[in-house]
Every structure is written in structure tokens, then in C-alpha cells.
Amino acid sequence: QVQLIESGGGLVQAGGSLRLSCAASGQTFNAYTMAWFRQAPGKEREFVARIVWSDGMTNYAGPVKGRFTISRDNAKNTVYLQMNRLKPDDTAVYSCAAQMTVARPQYDYWGQGTQVTVSS
């Protein structure tokens, strides 16, 4: 069993920055990819960014490209989301997720989420 615990959310003014962390614990962690998703009030959950655990290859959603950076620390089993030039539209609960195998294109584990609020 894998547990994902997010941290780093909070309240920030538009134009500011936050760094989210997602620490994985439990069984020996060997994910295929890790990703960040977000869900704003009244909206569906949406993909934000993902990283391939083995080689660090990344993908981003259009609205965050150039402002957000996903990275990982293999030794700490932790994935980060550096968010710069934040906008009020970035306000959401941010959750991390782990896809454990390339053979199964789904996210097997999810964190509880951390609130990010961007004031105008």
C-alpha cells in the first residue's frame, strides 16, 4: 500500500509563488509516473502536470505551462510542484497521484489534497 501526503498549500496573492510537495510512503515506492491534478469549486478535476519517475520527462496542461514546474527527488520519494506567477484561476485543491505501471494507464494512488487560494 502506498500513501501520498501533500503539503505546501496556502493563501497567496496573485503573482506570487508556492511550492507543493507530495511525499510517498508505504511499500517500496516504484511508480511509473507521478502527477498533480487540481479541482476548483464547482468544476471537474483537471490534470496539471506529470513526471516520469525514471527519466524525469514532464508534461504540462496548457494553462500552467511556463509557470509551473514539476520535479522529483527519487531519494526522498517526493514530487514537487513549483507554482510561479499564480493567478486567481489557479485556486483549487491540488492532489498528487501515482501511476504504478505503464501497463495500466490509470492513477492507482491519490493524496488527500492541499488547498491553494490565490487572491486578486
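Two strands pair if DSSP finds at least two bridges between them, where helices (H or I, at least four residues) and strands (E, at least two) are DSSP runs numbered from the N terminus. This is a predicted model, in which local features need pLDDT of at least 70 and side-chain atom pairs count only at pLDDT 80 or more, while totals for chains, interfaces and linings use all residues. Residues are numbered from 1 along each chain as its sequence is written, and side-chain values use heavy atoms, with hydrogens and water left out.

Q: Which residue in E8 stands opposite Asp73?
A: E7 and E8 pair in the antiparallel sense over six bridges. Their hairpin has four residues between the strands, and there Asn77 takes a positive phi near 50°. Within E8, the residue that stands opposite Asp73 is Thr78.

Q: Does Thr78 count as buried or exposed?
A: Thr78 is found in strand E8, and its contacts (heavy atoms within 4.5 Å), not counting residues up to four places away in sequence, include Ser21, Trp53 and Asp73. The classes are buried under 20% relative accessible area, exposed over 50% and partly exposed in between, with a 1.4 Å probe and protein chains only. Because its relative accessibility is 7%, Thr78 counts as buried.

Q: Which residue has the backbone oxygen that the side chain of Thr78 reaches?
A: The side chain of Thr78 reaches a backbone oxygen at 2.9 Å. The residue that carries this oxygen is Lys76.

Q: Which residue forms a salt bridge with Arg38?
A: A salt bridge is a side-chain nitrogen of Lys or Arg within 4 Å of a carboxyl oxygen of Asp or Glu. The closest N and O atoms are 2.5 Å apart, and the partner is Glu46.

Q: How many residues apart in sequence are the parts that Arg67 and Asp90 tie together?
A: Arg67 forms a salt bridge with Asp90, in which the closest N and O atoms are 2.7 Å apart. Arg67 lies in the loop between strand E6 (58-60) and strand E7 (68-73) and Asp90 in the loop between strand E8 (78-83) and strand E9 (92-99), so the parts tied together are apart in sequence by 23 residues.

Q: How many salt bridges does the structure hold?
A: Arg38, Glu46, Arg67 and Asp90 are linked in a network of salt bridges. Arg104 also forms a salt bridge, with Asp108, the closest N and O atoms being 2.9 Å apart. For the structure, the number of salt bridges is four.

Notes. Polar contact = N/O pair within 3.5 Å; in protein donor to acceptor, adjacent residues only side chain to side chain.
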